[in-house]
Amino acid sequence: MMPGTTIAARRAAGCAGVAVVVAVLAPLGEHLRPAPRDGFPLSHFPMFTARRGENLAVTYLRGVAADGGWVALPYRLAGRGGMNQVRKQLRRTARRPARAERLCRTVAERAARRPAFDAVVRVELVTGTFPLSGWFHGDHEPIAEVVHATTDIDVPGRNAS
Amino acid sequence: MLLSTLAYRNSWGMIFHNDNLLVLHAAILAGAPAADARSLDTRRRGAPAEASWRYGWPVRLLSATTVATYFVAGIAKVAGPLGWGWAGGASLRSQVLADGLRKELLGDGASPLTHRLHDVDWLWRLLAVGSLAVELGAPVALLSPRIGRLWATSAWGMHVGIKAIMGITFRYQLSGIAFASFLDLERAGMRHRAVVTGNACSTTRVPVGHS
């Protein structure tokens, strides 16, 4: 390689390197905005930074048994893409009654085909508010609860009372 | 291809932060002569690539990018609503418990460690201070190779802790590949070849960034 070419190549490499590092650091500017926006692949990595209260509201799918007991149904019955992705979709679905009913029917059909949920007679889309510490001390009673949609599982032998 | 595939996935619902560094590193390697040592083309040519500054700067840039992402994550914690109070550990504990509760209601349940450690306040304080030290202290990893290796080990350990307590898998980071640029892997390869060929003479490291 000619000396001149080497110097030019080194300069180009240096400029490219600085540009990459500046681009990675650029999202720091989001902290100066009133409502920072996250992005991909350049992010200001806001995870773990929000102020959290003592309670947490979660929208989830609940399988209710004939005796009134309940079990949380896994997100995979509702959709694919990972738990957090489905969790956000459930939250959005809960705001639209027609979509919530449709989702409950789909989940009920899927649950009816799984022996693990033989005892489940009804599927509900629920937003429950739970005390964070309380949950991990064994208190699983919600502080507040909204049932967005409900569907009985239509299988002979299962009796939704 | 990688960027478009992952950007598509991140366009629905939420942004997954475990892929950011992978995409950035792939972009750097794509612009670097990364296939001069081992590739089908090199095998056809027969002659190994000569030592050159061209192979040093991408390694340095990979390290600088890694450090920058962790530093940005550290700034986000102290620039957030809690400020330096984040180091107290209460926020970290709340975040982990919130994640655990969601997994209890939607997924496969919180990790056993979340159940066992949720009341150990001093541990959350220690983990919060440790996380901030790794993230805000990341730039010192560029000062010397030894500090770089120490930091890379700490950052990897942080991801092992996240996996153990929260069950969140940062595959790229946990595999160690994300931190490979901080290690003298080429020296290990040279030592291995010396042992295999019976040539026990010491190997010399070509200073990175010099021809």
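**Salt bridges and their surroundings**

Guide: Over all chains, a search of the whole structure finds eleven salt bridges. The model is a predicted one.

In chain B, B:Asp36 and B:Arg54 form a salt bridge whose closest N and O atoms are 3.8 Å apart. This pair links distant parts of the chain, 18 residues apart: B:Arg54 belongs to the loop between helix H3 (40–45) and helix H4 (57–79) of chain B, and B:Asp36 to the loop between helix H2 (20–30) and H3 of chain B. B:Arg54 counts as partly exposed, at 28% relative accessibility. B:Asp36 has 19% relative accessibility and therefore counts as buried, since the cut-off for buried is under 20%.

A further bridge in chain B joins B:Arg93 to B:Asp119, with 3.7 Å between the closest N and O atoms. B:Arg93 is placed in helix H5 (residues 90–106) of chain B and B:Asp119 in the loop between helix H6 (112–117) and helix H7 (121–136) of chain B, so the bridge ties together parts that are 26 residues apart in sequence. B:Asp119 is partly exposed, with a relative accessible area of 42%, whereas B:Arg93, at 13% relative accessibility, counts as buried.

In chain A, salt bridges that share partners join A:Arg62, A:Arg122, A:Glu124 and A:Glu145 into one network. A:Glu124 counts as buried, at 7% relative accessibility.

The aromatic side chains come next. Over all chains, the structure holds seven aromatic pairs. One of them is formed by A:Tyr60 and A:Phe130, with ring centres 6.2 Å apart and planes at 55 degrees, so this pair is tilted. A:Tyr60 lies in strand E1 (residues 55–65) of chain A and A:Phe130 in strand E3 (residues 120–131) of chain A; the pair therefore ties together parts that are 70 residues apart in sequence. A:Tyr60 is buried, with a relative accessible area of 0%, and A:Phe130 is buried, with a relative accessible area of 0%.

In chain B, the rings of B:Trp151 and B:Phe182 have centres 5.4 Å apart and planes at 55 degrees, so this pair is tilted. B:Trp151 is found in helix H8 (residues 145–166) of chain B, and B:Phe182 in the loop between helix H9 (171–174) and helix H10 (185–197) of chain B, so the pair ties together parts that are 31 residues apart in sequence. B:Trp151 counts as buried at 6% relative accessibility, and B:Phe182 counts as buried at 6% relative accessibility.

Returning to chain A, one aromatic cluster is formed by A:Tyr60, A:Trp70, A:Phe130 and A:Trp135.

The surface charge remains. A patch of positive charge on the surface gathers A:Arg91, A:Arg92, A:Arg95, A:Arg96, A:Arg99, A:Arg102 and A:Arg105. Helix H2 (83–94) and helix H3 (97–112) of chain A are the elements that give two or more residues to the positive patch. H3(A) gives the most, with three residues. A:Arg102 lies in helix H3 of chain A and counts as partly exposed, at 45% relative accessibility.

How values were computed. Residues numbered from 1 in each chain as written. Chains lettered and ligands numbered in written order. Predicted model: local features only at pLDDT ≥ 70, side-chain atom pairs only at ≥ 80, totals over all residues. Heavy atoms only, no water. Patch = residues over 30% accessible without salt bridge, like charges linked within 9 Å, V, L, I, M, F, W, Y side chains within 5 Å. Areas by Shrake-Rupley, 256 points an atom, 1.4 Å probe, with all protein chains shown as cover. Salt bridge = Lys/Arg side-chain N within 4 Å of Asp/Glu carboxyl O. Lys, Arg positive; Asp, Glu negative; His and termini not counted. Charge placed at Lys NZ, Arg CZ, Asp CG, Glu CD. Helix = DSSP H or I, 4+ residues; strand = E, 2+ residues; numbered from the N terminus. Buried < 20%, exposed > 50% of the residue type's maximum accessible area, 1.4 Å probe, protein only. Phe/Tyr/Trp six-rings, centres within 6.5 Å; stacked < 30°, edge-to-face > 60°.
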